[in-house]
Amino acid sequence: MLSVVCVEPGKLTLEDRAEPALAAGMAKIKVRSIGICGTDFHIYEGSHPFLQYPRVMGHELSGEVVEVNAGSALTLGDRVIVNPYLPCGSCVACRKEKPNCCTNIRVLGVHTDGGMTEFIIIPEGQLYPANDLSFAQAAMVEFLSIGAHGVRRGEIKSGDRVLVVGAGPIGLGAALFAQIAGGSVAILDVNAARIAGAASLVKGAKGFVLGANTDAEIAQYTNGDMFDVVLDATGSKRAMEASLKYVAHGGSCVFISVVKDQITFDDPFFHAREMRIIGSRNATKQDFNHVIASIKNGKIPIDLLNTHTAELKDLPSKLPQWLGEQDSLIKAIVTLD
Ligand SMILES: [Zn+2]
Ligand SMILES: [Zn+2]
């Protein structure tokens with residue numbers, strides 16, 4: 001079967017690999033669409049903190065069930081979405097029904113070979129029905145679930161003033177789900193093109209382009225209150241630390257981003273606000289189901305989010321090209337027939 005392998009940083013090759021064999025508790029999936037995300041670009045560039053090469057990337061997946069064990073709840077031909085966060089099932093987090101922050105989590109396409117290939121074996125419990133979604137739409141559920149999870153972690157409720165920092169794909173998803181939760185949403189980014197794009201996708205959201213007057217503009221916009229909830233989706237230490245400035249007294253900041261660094265803050269500033277700083281890692285079945293229902297109900301401009309496409313066989317030349325198109329790229333989807 002055709003597979004795209006990242007053999008070392010900066011090098012993608014097409015390989016003909018043996019099809020994987022079915023095992024107990026698993027289903028064999030024919031991959032139909034693969035979303036490309038920041039993680040994949042980081043792996044390709046060699047900036048992922050703990051990656052072992054060679055690696056088949058790809059964790060944003062949809063496909064068709066082609067082989068199951070006797071007694072499976074799945075049927076051949078079922079269209080499914082893959083939850084790529086494989087939990088151990090027994091650690092302290094798993095016991096608390098928080099498999100998204102399992103101590104021993106394995107992420108498809110990161111810790112183990114992922115979906116840039118024709119067939120993949122997935123535990124049945126990690127597969128959710130795609131219902132009426134197209135395969136391309138279904139491959140976008142995972143990245144949207146990351147933002148939806150951050151919104152849930154922030155306990156955003158109707159009327160909350162919400163600032164999303166970072167207008168990349170994760171930030172856009174967070175902004176859309178913050179609106180669905182009833183929040184009044186503003187978005188801040190360093191890149192004016194990204195803010196212009198966000199305005200057309202997240203209708204009614206206020207945009208801020210980071211500049212010398214940003215703090216004053218935001219203070220004025222919120223009548224000096226700042227925001228009830230700030231959702232950070234930047235992946236930048238400096239931006240994450242600055243995000244705290246925009247939290248209201250009694251408010252919260254959710255770090256959807258992760259950086260391999262220390263985040264520091266001024267304790268009197270934090271204490272005076274009785275601020276909550278909340279981590280948000282990956283997503284759970286509840287988030288996936290919320291995203292699937294929201295797409296189905298027409299609340300997400302799903303097809304506009306898919307800005308770039310390619311076939312799997314063309315990915316070794318397309319992925320490096322997309323690296324240079326980050327201003328216009330929201331979500332690239334790779335397709336297989
Ligand atoms: Zn991703
Ligand atoms: Zn676990």
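1. Lys-28 lies over the face of Phe-119, 5.0 Å from the ring centre. Such a placement requires NZ of Lys or CZ of Arg within 6 Å of the ring centre and within 35 degrees of the ring normal. Lys-331 sits over the face of Phe-143 at 4.5 Å from the ring centre.

2. This is a predicted model, in which local features need pLDDT of at least 70 and side-chain atom pairs count only at pLDDT 80 or more, while totals for chains, interfaces and linings use all residues. Residues are numbered from 1 along each chain as its sequence is written, ligands are numbered from 1 in the order in which they are written, and side-chain values use heavy atoms, without hydrogens and water.

3. Cys-37 is buried at 14% relative accessible area, and Glu-60 is buried at 1%. Buried means under 20% relative accessible area, exposed over 50%, and partly exposed in between (1.4 Å probe, protein chains only).

4. The largest nonpolar core has 88 residues, of which Ile-36, Ile-187 and Leu-231 touch the most other members. A nonpolar core joins buried Ala, Val, Leu, Ile, Met, Phe, Trp, Tyr and Cys residues through side-chain atoms within 4.5 Å. A second, separate core of 18 residues includes Val-165, Phe-227, Leu-244 and Val-259.
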